[in-house]
Amino acid sequence: MKSAIPEELLAPLGKILANFAVLESALDFQIWVLIVGGQSGKQKVGQIITAELSFQAKVGLLSSLYQHELPNKAPFEDLKKIRKKLRI
């Protein structure tokens, strides 16, 4: 079966998808750290929480957890800017 996507677009599309997967994994990891801290035995709890969340929901959860756990840290403003750029 022939793909509806032109051959010359498959490699660039693959790079986009691979980089998005890396970004989503980084989001997951940061959420896990904020939920369970350094307790590696509890990482499964974080995985259960993030498993069914959309990317948008993960960004929102990370922002909320970050603000809750680290309310006086300046990077929260950076998170707001990033969410605005992503329109989420």
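Contact, as the word is used here, means that heavy atoms lie within 4.5 Å. With that criterion in hand, the predicted model can be followed from its overall form to individual residues.

The protein contains four helices and zero strands, and its pattern along the sequence reads α-α-α-α. The radius of gyration is 16 Å, well over the 12 Å that the globule rule gives for 88 residues, so the protein is more spread out than a compact globule. Taken along the principal axes, the C-alpha atoms occupy a box of roughly 50 × 30 × 15 Å.

Of the 88 residues, 20% are buried. The protein exposes about 6800 Å², and carbon and sulfur atoms account for 61% of that area. When contacts between residues at least 6 apart in sequence are considered, 52% of them join residues at least 24 apart. As for charge, the mean position of the 12 positive charges and that of the 8 negative charges are 5 Å apart.

Helix α1 covers residues 7–36. Its 30 residues reach 44 Å from the first C-alpha to the last, close to the 44 Å expected at 1.5 Å a residue. The buried residues of this helix are Leu 27, Asp 28, Ile 31, Trp 32, Leu 34 and Val 36. An α-helix has 3.6 residues a turn, so residues three or four places apart point the same way. Just after α1, Gly 37 adopts a positive phi of about 65 degrees.

Asp 28 lies in α1 and has a relative accessibility of 12%; because the cut-off for burial is under 20%, Asp 28 counts as buried. Beyond residues up to four places away in sequence, Asp 28 touches Thr 50 and Lys 58. Lys 58 is itself among the buried residues of α3.

Ile 35 also belongs to α1, but Ile 35 is partly exposed, with a relative accessible area of 30%. Leaving aside neighbours within four places in sequence, Ile 35 is in contact with Ile 49 and Leu 65. Leu 65 is one of the buried residues of α3. The C-alpha atoms of Ile 35 and Glu 69 are separated by 9.1 Å, although these residues are 34 residues apart along the chain.

Helix α3 comprises residues 55–69. The buried residues of α3 are Phe 55, Lys 58, Val 59, Gly 60, Leu 62, Ser 63, Leu 65 and Tyr 66.

How values were computed: Residues numbered from 1 in each chain as written. Predicted model: local features only at pLDDT ≥ 70, side-chain atom pairs only at ≥ 80, totals over all residues. Heavy atoms only, no water. Helix = DSSP H or I, 4+ residues; strand = E, 2+ residues; numbered from the N terminus. Rg over C-alpha atoms; globule rule 2.2 N^0.38 Å. Buried < 20%, exposed > 50% of the residue type's maximum accessible area, 1.4 Å probe, protein only. Areas by Shrake-Rupley, 256 points an atom, 1.4 Å probe, with all protein chains shown as cover. Lys, Arg positive; Asp, Glu negative; His and termini not counted. Charge placed at Lys NZ, Arg CZ, Asp CG, Glu CD. Expected span 1.5 Å × (residues − 1).
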